[in-house]
Each structure stands twice: as C-alpha cells, then as structure tokens.
Amino acid sequence: MAQVVIPLNAFSDEKGLKKDIDFYITIIANSNANGIEIRKELLNSSSITHDLQKIHHTLKYHHLLTVYSAPIPLWKEDYSLNEEGAQAAMEEAKQIEAKWLKLPLGHFDVQKSNLKPLTNLLDQYPTVRLLIENDQTREGGRINPLFQFFQQAEKQSVPVHMTFDVGNWMYTNENACDAAALLSPYVSYYHVKHVIPQNHRLLTVPINDGNKELWKEINDVYFSTVPKALEFPIFPDSPSINRYIEIINGDHAERVSSK
C-alpha cells in the first residue's frame with residue numbers, strides 16, 4: 001500500500017484556504033493520509049519565515065511526512081541554474097524538515113545547462129531530496145526536455161527524481177501514457193488528478209472508483225507502489241480524505257464488488 005500525501009491546494013476549490021494552515025494540517029493528521037504537501041504559493045511572502053516556523057511546530061507534533069512545493073523553475077531562461085531561487089526553496093524545505101522539495105524544471109537545455117552547480121547545491125542539503133515535476137508550461141511540461149534532464153542527471157549521478165503529474169500532460173498536449181513509459185524509472189512521487197475538458201478549458205475534478213480514468217490506468221501499470229498526492233478538489237474533512245484514499249488503494253471497489 002503506497003503512502004498518500006494531501007497537498008494543501010486540494011482544499012482551495014471547496015472553501016478556500018481561509019483558516020489558519022494549522023487547521024488543515026490537523027484535518028490531514030486525523031485522516032488516514034501519511035503526509036502533507038505544503039505549497040509556497042499559498043503562504044504569505046512577507047511573513048514566510050515566521051509562518052514556516054509555526055507550520056514546522058505543528059507538523060512535528062503530528063509526525064506527518066512533509067513535501068514542500070515551490071513554483072520556482074530550476075533552470076533560468078538563459079539555461080543556467082537558478083541557484084538563488086533553488087537555494088531559497090531548499091532552506092525553506094529544510095526549515096520544516098521536508099523529506100522532498102518539489103520544483104518545476106524550467107529552461108533546461110542538454111547542450112547549454114551545467115549540472116555541476118546543481119550537484120554542489122544538493123550536497124549542502126543532504127536531508128532534502130529534490131523532485132522535478134512536469135508542470136503546465138512548454139519548457140517544463142514536455143516529455144523530451146524532462147527525459148533529457150533525467151538522463152543527464154543519471155549519467156552524472158545527480159541525486160534528483162521526478163514528480164509525475166498525470167493531469168498536467170493534458171495542458172501541454174503530451175501523451176501521459178508515453179510519458180509514463182519513458183519517465184517511470186525516475187519517478188518517486190505520483191500526483192493523481194482527473195482532468196476533463198469543459199467549456200473550452202481544462203478542469204481538475206475529483207476522481208471516482210471507476211476503472212476508466214487515466215490516473216488509474218497509469219497507476220496500475222507503473223506507479224502502484226509509488227507515494228501519491230491527491231491533487232484534486234477535496235472537501236476539508238477527514239472522512240472525505242479517507243474516501244479517496246480507499247479509492248486509491250482499491251478498498252472501495254473491493255467492498256462494492258463483494259456486496
């Protein structure tokens with residue numbers, strides 16, 4: 001049974017994150033989830049150090065696996081490492097004792113980008129593992145640049161892995177099944193989404209217990225044992241979280257079929 005993480009932005013479509021983040025941490029801690037994904041974009045930039053100190057205290061009390069996510073591209077538009085941004089995110093992740101830091105790829109070029117500064121940066125933070133996610137941008141959400149990056153990182157023994165966001169491939173018109181087949185050896189964290197077209201735009205909706213949704217097809221083939229984030233609208237209470245964890249683990253479908 002894989003570990004399940006709840007990103008804070010899963011609650012934003014229901015009530016909005018109007019309460020103190022401690023409130024949502026407690027809900028997750030009282031559910032069957034194993035961890036939480038703290039999102040930098042939901043924090044107040046003017047008080048982030050103080051807020052992270054408070055969050056860290058609550059997380060330690062509840063013993064939750066912690067992922068820190070920041071919308072800071074790893075590579076700048078000139079293909080150089082975003083050292084300042086990445087180091088700031090690493091410091092923030094370290095402050096809350098996050099196991100993983102999740103960043104988007106940004107502008108990586110296999111011919112122009114130097115991985116040595118990245119290795120040097122990661123050496124400074126041995127307790128935080130870096131994960132790169134396919135986001136919804138052309139530079140960081142397509143199969144080829146991501147595959148080239150992870151190939152080079154593997155060749156140069158750079159300790160970096162992937163967050164595979166199954167829904168984001170739709171935003172970049174990439175085939176999620178092709179992506180999973182090529183990138184699965186690098187994946188350590190699976191973002192579960194169900195994305196549908198609606199009114200000429202893409203919309204993330206809650207998963208269900210059917211067998212036809214893309215997230216499940218890819219999960220069953222490639223990521224059944226990989227830790228998962230439930231990144232879709234969830235009502236902020238523990239029973240709602242537990243119901244989706246049952247779907248992820250197949251428990252709900254087994255109970256229904258046995259009736």
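## Helix α8

In this predicted model, the buried residues of helix α8 are Ser-238, Ser-240, Ile-241, Asn-242, Tyr-244, Ile-245, Ile-247 and Ile-248. The helix covers residues 238-249, and because each of its twelve residues is taken to contribute at 1.5 Å a residue, α8 should span 16 Å, a value with which the separation of 16 Å between its end C-alpha atoms agrees.

Following α8 comes Gly-250, a residue whose phi is positive, near 80°.

## Val-5 in strand β1

Val-5 is placed in strand β1, which comprises residues 4-7, and the residue counts as buried because its relative accessibility is 0%. When neighbours within four places in sequence are left aside, Val-5 is in contact with Gly-35, Ile-36, Glu-37, Leu-65, Val-67, Tyr-189, Lys-228, Ala-229 and Leu-230.

Ala-88, by comparison, lies 83 residues from Val-5 in sequence, and the C-alpha atoms of these two residues are 23 Å apart in space.

## Aromatic pairs

The structure contains 15 aromatic pairs. One of them joins Phe-108 and Phe-149, whose ring centres are 5.2 Å apart and whose planes meet at 75°, so the pair is edge-to-face, the angle being over 60 degrees. This pair links distant parts of the chain, with Phe-108 in the loop between β4 (100-104) and α4 (116-123) and Phe-149 in helix α5 (residues 143-155), 41 residues apart. Phe-108 is buried at a relative accessible area of 8%, and Phe-149 likewise counts as buried, at 0% relative accessibility.

In the pair formed by Phe-164 and Phe-223, the ring centres are 5.1 Å apart and the planes lie at 50°, so the pair is tilted. Because Phe-164 belongs to strand β6 (residues 160-165) and Phe-223 to helix α7 (residues 214-223), the pair ties together parts that are 59 residues apart in sequence. Both Phe-164 and Phe-223 are buried.

## An aromatic cluster

Ring pairs also link Trp-75, Phe-108, Phe-147, Phe-149, Phe-150 and Tyr-186 into a cluster. The edge-to-face partners Phe-108 and Phe-149 are therefore to be read together with this cluster, in which both residues are included.

Terms used: Residues numbered from 1 in each chain as written. Predicted model: local features only at pLDDT ≥ 70, side-chain atom pairs only at ≥ 80, totals over all residues. Heavy atoms only, no water. Helix = DSSP H or I, 4+ residues; strand = E, 2+ residues; numbered from the N terminus. Expected span 1.5 Å × (residues − 1). Buried < 20%, exposed > 50% of the residue type's maximum accessible area, 1.4 Å probe, protein only. Contact = heavy atoms within 4.5 Å. Phe/Tyr/Trp six-rings, centres within 6.5 Å; stacked < 30°, edge-to-face > 60°.
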